[in-house]
Amino acid sequence: MNRSRILYHMVRADFLERVRRYSFLLTMGFAIYLGYAVYARQVTLRLDDYRGVDNSAWLGTVIGLIATVWVSLIGFYIVKNSIQRDRQTRVGQILAATPMNKSFYTLGKALSNFAVLAVMVLILALAAVFIQILRGEDTQIALGALLSPILLLGLPAVAVVAALAVLFESLPVLRGGVGNVFYFFFWTGLISISVTLVTGTQQPTGLHALQDFTGIAVVMGQMQTQLRQLDPQVSNAASFGFGNFHATTKTFLWTGIHWTPALLFGRALWLAVAGALALLAAVFFDRFDPARNGLRLGRKQKEAGNTDVLDARFSVVVPALPSVSHLTPLLRDASNRQTRTRFFSLIVAEFRLLFRGHGWWWYAAAAGLFLGCLLSPIDAARSGVLVAAWIWPVLFWSQMGTREESFSTGSLIFSAPRAVPRQLLAMYAAGALLAALTGGGLALRLLFAGNLSALAAWGAGVLFIPAMALALGVTTGSRKPFEALYTAWWYVGPLHHIRQLDFMGTTAESSTPVGYFAAAVLLVLAAYAWRSVRRAYA
Amino acid sequence: MQLAIESVTKRYRKGVVALREFSLDLKPGVLGLLGPNGAGKTTLMSILATITRATEGRVLWNDTDIARDPDVLRSVLGYLPQDFGVYPNLNAVEFLEYLAAVKGLDGVAARRRIDELLDLVNLTDVRKRPLGGYSGGMRQRVGIAQALLNDPELLIVDEPTAGLDPEERVRFRNLLSDLSGERIVILSTHIVSDVEATATDIALIAQGTLVVHATPEELLRSVEGKVWEWVVPSAELTAVKQKFLISSTTRRSDGVHVRVLGEEPPTNAQPVSPNLEDAYLFCLSRHRAGARAGAAA
């Protein structure tokens, strides 16, 4: 079998496995929603007070930018599980025993990721056609003008994301939650470079095309040039995104992106970057070697002895061990006091479970943040240190509601009496306790200062964060949605003190605790309802 | 103490029927649940362990329908699933303490019992080692320990000896025999010798239906005079395989010793004492022949 055929079959099998999963339907649903958002003008591209006439060139460009800006963010979290799936299904061990080349494997995974994201982009392209027909401002479908921005802007961007996902999965440090959080900031950096290019220059050069991952700088530059010919007074103000509430009052005719050789070279270069990233991933890929993937055992644990060797030793005479009759019988007591005590034990057990697998440095930083909250000026503690203190445990909260799925312990846990409500509430209490402890320094300050409204906002944060983690964890069974959504929300809301989105109440102006108290209750109820439905006997 | 399974049917999506009108009454003792792959054993176990619901029929624990009040059973249930996971960063003690809390056990009593159980499953020496570093057999023993945490009245173990070395397997069989006195133990396995060593009752299940429920002695009696052994040259083995239901073959210096099942003895064959494996194969082949005849009619 030649190499291209091997690669084809690797990509095909992986792609088919994905598209036959329920989650793929959700992915496609998201793509359709993005198309709808453009139609409903929830996503808008505006230059000063202008938007383009809804012709093929304009809609193709808007959809192309959606593919580069939004699909490049969400898409990463959608596809960053291809190697993980081979690990979980243990197919990886079979593959590792074949002559499979590591570069082929990572390239195949990147291509499969790309195929999934490309399907999303193609759905968006199809949506563009429908939007143009439904809007009816220009009924002439010009396929070249419509598809070229979608394909030439969108596909290189998602190719880079597809390869980045494989690279992250291959690097042990970025494989888990750290990578999920880190990618958000990495993506913000990529977008920032593009935006800086938009605002920093009127006429993008070939160099800009190479730097501009999203292509937004080139597009905006060409649009502004074209618009200025129509209205020389037009300002440089431009925006693209969700919730662009300031309605545009004027339209202009956008004739499409002028694809210069430099621009095409820039896009091709991003494709080459994608290929290079996929191959770079092969350097770090462990080929499912458990020795490279396993737990790092401490000195004490190594000294505990190699019992595998003991296991393998066969002895004809089975040594006598205590029999069942030596087990102390358990007294069954279901009094209220006992039940309360045992529930408290479960909260403690869940709390301890949250902390497993993290080094001393985590606790040192958390203690530092606690002291920072306690000792900083109260406003700085509220608007700054608390924000840091409540992003620090994100990887702890993201475990909530997902452990039973990811470690296959569900059958052990849910065959216990009243396990669904007891374990869910205990888990939630442990998550809230974690929030209360990490941000506890501020609570003490607010309490002593008698600032009850700020304390209420703090309390809303304590209850809301684990509720969100629990609801997302239980419903998706994966840590990624919380890690991605929480980080993005944290960045937009609390960090920038945006009212309605500031669930931590970092300033008096941005604080809306009542809504977040209510949201916390609803999210916990949603988690309980979901788990009850999923567990037939709950 | 009684477990009654009444006409239980389990239908999965796309119309796959895993169990069909399955009925069984159980009293204290060890029930060996035998059957080929895909027979419905694990589905039955999941229903009895209150992990999944029956589509039709009901399961009664001391006359209480477990679909209506599963906690009545769960508080006295020990369950070792075929596939289960552990938290790799916890050690055996921490993992068992966590599950004891989930099961609602008192902390002091649970700690004492965990010590005793770790001793019982021979993991005391590695109690402080993270489970992520355990071998498959050691994890299985942790699974056995967690199933016994709450001193269960109903113990359900699905393929419990998978991954255990011969020594641990013998130890586990002895443990099951010890346990059987005042509780119901359901042991699902492919390994007939495990059942032979421990079961007081045997249920044979195939294609989601109960083929036979009997004591080991009754099963053995049912194939009495139907097991034969004779020696054939290696060259004739293929022809013999096509003609008879073969229980086992052993190559020796004088040829292949063939053990066959049948009403009539092959030429030159000697009758031999049946074992449970013979009984299992015989019942299964009779069931399949009946099913084929039913389908043809």
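Reply: Start with pairing: two strands pair if DSSP finds at least two bridges between them. Strands (E, at least two residues) and helices (H or I, at least four) are DSSP runs, numbered from the N terminus. This is a predicted model; local features need pLDDT of at least 70, side-chain atom pairs count only at pLDDT 80 or more, and totals for chains, interfaces and linings use all residues. Residues are numbered from 1 along each chain as its sequence is written, while chains are lettered from A and ligands numbered from 1 in the order in which they are written.

Me: How do you know that β1(B) pairs with β2 of chain B?

Reply: Six bridges join β1(B) to strand β2 (residues 17-26) of chain B. Pairing asks for at least two. So the two strands pair. They run antiparallel. B:R11 stands opposite B:V17 in β2(B). The hairpin of β1(B) and β2(B) has five residues between the strands, and B:K14 takes a positive phi near 65 degrees there.

Me: What joins strand β1 of chain B to strand β4 of chain B?

Reply: Five bridges join β1 (residues 3-11) to β4 (residues 56-61) in chain B. These strands run antiparallel too. B:E6 stands opposite B:R58 in β4(B).

Me: Why is α17(A) called roughly antiparallel to α18(A)?

Reply: Helix α17 (residues 360-375) and helix α18 (residues 378-389) of chain A pack at an angle of about 170 degrees. Angles run from 0 to 180 degrees between N-to-C directions, and axes are lines fitted to C-alpha atoms, for helices over the stretch in contact. Under 35 degrees counts as roughly parallel, over 145 as roughly antiparallel, 65 to 115 as roughly perpendicular and the rest as oblique. The angle therefore makes α17(A) roughly antiparallel to α18(A). Their axes are 9 Å apart.

Me: Which residues meet in α17(A) and α18(A)?

Reply: A:L369, A:F370, A:G372 and A:C373 in α17(A) meet A:A381, A:V385, A:L386, A:A388 and A:A389 in α18(A). Contact needs C-beta atoms, placed from the backbone, within 7 Å. The residues divide into eight nonpolar, one polar and no charged. Ala, Val, Leu, Ile, Met, Phe, Trp, Tyr, Cys and Pro count as nonpolar, Asp, Glu, Lys and Arg as charged, and the others, Gly among them, as polar.

Me: Where are the domains of chain B?

Reply: Domain 1 is 3-216 and domain 2 is 221-296 in chain B. Such bounds come from an automatic or database domain assignment. In chain B, 33 Å separate the two domain centres, taken over C-alpha atoms. Eleven residues of domain 1 of chain B are in contact with seven residues of domain 2 of chain B. On the domain 1 side, α7(B) gives the most, with three residues.

Note on methods:
Two residues are in contact if their C-beta atoms, placed from the backbone, lie within 7 Å.
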